[in-house]
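We'll go stop by stop, picking residues and looking at what sits around them.

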Amino acid sequence: MMKHFHNRTGSSSQKDLADRRNPMRQALLLLIPAVLAVGCTNGPERSDAYGNFETTEIVVSSEAMGRIMSFDVEEGMRLSAGQVVGYIDTLQLVLQRKQLLANRGAMLSHINGVTAQTAVHQEQKRVAEVEHERVLRLIKDHAATRKQLDDVEGQIAVLDKQIAATRGQIATIRNEIDAVDAQIDQLADRISKSIIVNPIDGVVLVKYAEDHELTSTGKPLYKIADLETMYLRAYISGDQLSHLKLGQQVTVLIDESRSENRSIQGEVSWISSEAEFTPKTIQTKEERVNLVYAFKVRVTNPDGAIKIGMPGEVEFARQSGS
């Protein structure tokens, strides 16, 4: 038992002696933590914010009901604002408009007839008024009777009522024409809405309808977006808000390859006024932050390299020496 103990003691002493005789090993052991610390300190800096790209998407819907007679839209197609891309069947609307125009023409002819009749009554009244003046002169000369005067005055009164009645008919017909004109304008508006006009410059993202399909008012036809102006929606913590303001120029990074990033200049266009919980898919500068503020950076995308949903990073302007 004592012999075994002496052997262990002797073995331990030999190990300590070997360690003391190997100063290089001790130096390496002391150097490893320092090297690791330097490596962590001099690593690549993380971006200030992370997010995904988005843009304003517009769903173009049908403004009329009927069969799609023409629809020149394909996914990925670039369209211009005001470009006509199709139309919906307008035959029934055109026929209704034709009927209303015919009714309007008949009303105008009626007005012309009533106006001519009014002119006849006015001429009759003029003649009656001349006769009235003549009878008055004859009465002064005791050459006419009172009954003749009453007859002429009665005739003039009847003509006044006839003229008033015909003028009332003209006013009524004109009101009816105004109502028909309003219906014609409504049909013209419906016909114009049957023409599918693209609202903005952009690229077609999704096509929902096809030629010869039946559509209805409000039914989506296609989705379009302006991909030349993109927005990176990113998030920052509350202590980073002081480094961000509207109109600020920032650097946006997108993936160029597995190991390299592409830098794009952007401008802060919106900052949320309310905090929200950190989205699960978003990384932040501080991983333990629970509440973050959303903001958007506007960037130009002339070559189409940026796609909707693509991840991106934001770097704020850094002061020298920081």
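Which strands each supply at least two residues of the nonpolar patch? They are β5 (84-88) and β6 (195-197). Strands here are DSSP runs of E with at least two residues, helices are runs of H or I with at least four, and both are numbered from the N terminus.

Before you click further, a note on the ground rules. This is a predicted model, where local features need pLDDT of at least 70, side-chain atom pairs count only at pLDDT 80 or more, and totals for chains, interfaces and linings use all residues. Residues are numbered from 1 along each chain as its sequence is written, and side-chain values use heavy atoms, with hydrogens and water left out.

**Stop 1: the nonpolar patch**

Select M69, V84, Y87, I195 and V197: together they make a nonpolar surface patch of about 420 Å². To join a patch like this, residues need over 30% relative accessible area and no salt bridge, and nonpolar side chains (Val, Leu, Ile, Met, Phe, Trp, Tyr) are joined within 5 Å, like charges within 9 Å. A salt bridge means a side-chain nitrogen of Lys or Arg within 4 Å of a carboxyl oxygen of Asp or Glu. Areas come from the Shrake-Rupley method with a 1.4 Å probe, and for residues only the protein chains shown count as cover.

Now zoom in on V197, which is found in strand β6. V197 has 39% relative accessibility and counts as partly exposed; the scale runs from buried (under 20%) through partly exposed to exposed (over 50%), with a 1.4 Å probe and protein chains only.

**Stop 2: T215**

Pick T215 in strand β8 (residues 214-215). T215 is buried, at 6% relative accessible area. Leaving out residues up to four places away in sequence, T215 touches S62, A64, M65, G66, I68, I88 and L221; a contact means heavy atoms within 4.5 Å.

**Stop 3: the aromatic pairs**

Rings of Phe, Tyr and Trp (its six-membered ring) pair if their centres lie within 6.5 Å; planes under 30 degrees apart are stacked, over 60 edge-to-face, and the rest tilted. By this rule there are two aromatic pairs. Show F71 and Y222: this tilted pair has 6.1 Å centre to centre and 45° between the planes. F71 sits in strand β3 (residues 66-71) and Y222 in strand β9 (residues 220-225), so the pair ties together parts 151 residues apart in sequence. Both F71 and Y222 are buried.

Next, F295 and F316: their ring centres are 6.4 Å apart with the planes at 55°, so this pair is tilted. F295 is in strand β14 (residues 291-300) and F316 in the segment after β15 (311-315), 21 residues apart. F295 is buried at 0% relative accessible area, and F316 counts as buried at 9%.

**Stop 4: K296 and W270**

Select K296, which lies over the face of W270 at 5.6 Å from the ring centre. The test is NZ of Lys or CZ of Arg within 6 Å of the ring centre and within 35 degrees of the ring normal.

**Stop 5: V135**

Jump to helix α3 (residues 91-140) and pick V135. V135 is buried, with 3% relative accessible area. Its C-alpha is 6.1 Å from that of L149, 14 residues apart along the chain. Beyond four places in sequence, V135 touches A144, Q148, L149 and V152.

**Zoom out**

The chain has four helices and 15 strands, and buried residues make up 27% of its 322 residues.
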